[in-house]
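Thanks for coming, everyone. Let me put the structure up, and then we will walk through it together.

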Amino acid sequence: MEKGYALITGASGGIGRQLAYHFAEDGYSPVLVARSKEKLEELKKELENNYSISVLISIKDLSKQKEALKLYDEIKQQRITVQFLVNNAGFGLYGAFIETSWAEEADMIDLNIKTLTYLTKLFLPGMVERNQGRILNIDQ
């Protein structure tokens with residue numbers, strides 16, 4: 001029996017992928033978000049076959065703020081109530097600061113800070129109104 005929806009950003013690998021398994025095992029329907037369509041489709045198939053739940057995927061580059069709003073709008077249009085928001089999408093840069101690219105740094109700041117905050121701002125009011133829901137922010 002499905003308990004509700006868990007929205008997981010950065011779900012195509014690592015911590016996000018593992019959390020998708022945990023939520024599915026606990027009876028939640030994951031909404032998987034990442035840039036990699038192939039990886040998300042593979043994960044969707046595995047989760048649906050192993051746990052008999054429905055899994056939704058959304059291909060988004062969340063380093064672009066408009067993509068975060070599109071994601072929120074899609075969720076609302078489908079009348080999905082998000083019980084858990086897992087802000088996991090993110091990346092880090094390595095190397096001497098003087099040698100790293102500003103464009104990459106700006107994308108990193110947008111994804112790791114702005115999108116995380118924006119998604120929280122979008123989904124939190126509904127959780128407060130329902131007096132139900134959880135948010136997990138994962139630091140990259």
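How much space lies in the largest cavity? About 40 Å³. Keep in mind that this is a predicted model.

Let's stay with cavities for a moment. The structure holds one cavity of 30 Å³ or more. What lines the largest cavity? The residues are T9, L62, N87, N88, A89, L111, T115, L116 and L119. Look at helix α4 in particular. Four of the lining residues come from α4, and that is the largest share. Now sort the lining by class. Five residues are nonpolar and four are polar.

About 360 Å³ of space lies in the largest pocket. It has 18 lining residues, and the closest to the pocket centre are R35, A89, G90, F91 and L111. Which elements give two or more residues to the pocket lining? They are β2, residues 29–34, and α4, residues 102–130. By class, the lining of the largest pocket has six nonpolar, eight polar and four charged residues.

That brings us to β2 itself. Is β2 mostly covered or mostly open? Mostly covered: six of its six residues are buried. Take the two faces in turn. S29, V31 and V33 sit on one side, and each is buried.

Now the neighbours of β2. Start with strand β1, residues 5–9. β1 and β2 pair in the parallel sense, over five bridges. To find one of the contacts, go to I8, whose bridge partner in β2 is L32. Between these strands comes helix α1, residues 14–25, and together β1, α1 and β2 make a right-handed β-α-β unit.

Then turn to strand β3, residues 56–59. β2 and β3 pair in the parallel sense as well, over four bridges. Here V33 stands opposite S58 in β3. How does the chain get from β2 to β3? It crosses through helix α2, residues 37–51, and this β-α-β crossover is right-handed.

So, to recap. β2 pairs with β1 and with β3. Its six residues are buried. And β2 gives two or more residues to the lining of the largest pocket, as does α4. That's my tour. Thank you.

Conventions. Residues are numbered from 1 along each chain as its sequence is written. This is a predicted model: local features need pLDDT of at least 70, side-chain atom pairs count only at pLDDT 80 or more; totals for chains, interfaces and linings use all residues. Side-chain values use heavy atoms; hydrogens and water are left out. On a 1 Å grid over the protein atoms alone, a cavity is a set of points where a 1.4 Å probe fits but cannot get out, and a pocket is an open set with protein on both sides within 12 Å along at least five of seven lines; lining residues have an atom within 4 Å of a point. Grid points are joined across faces, edges and corners, and a volume is the space filled by probe spheres set on the points. Ala, Val, Leu, Ile, Met, Phe, Trp, Tyr, Cys and Pro count as nonpolar, Asp, Glu, Lys and Arg as charged, and the others, Gly among them, as polar. Buried means under 20% relative accessible area, exposed over 50%, partly exposed in between (1.4 Å probe, protein chains only). Two strands pair if DSSP finds at least two bridges between them. A crossover is right-handed if, with the strands pointing away from the viewer, the path from the first strand over the helix to the second runs clockwise.
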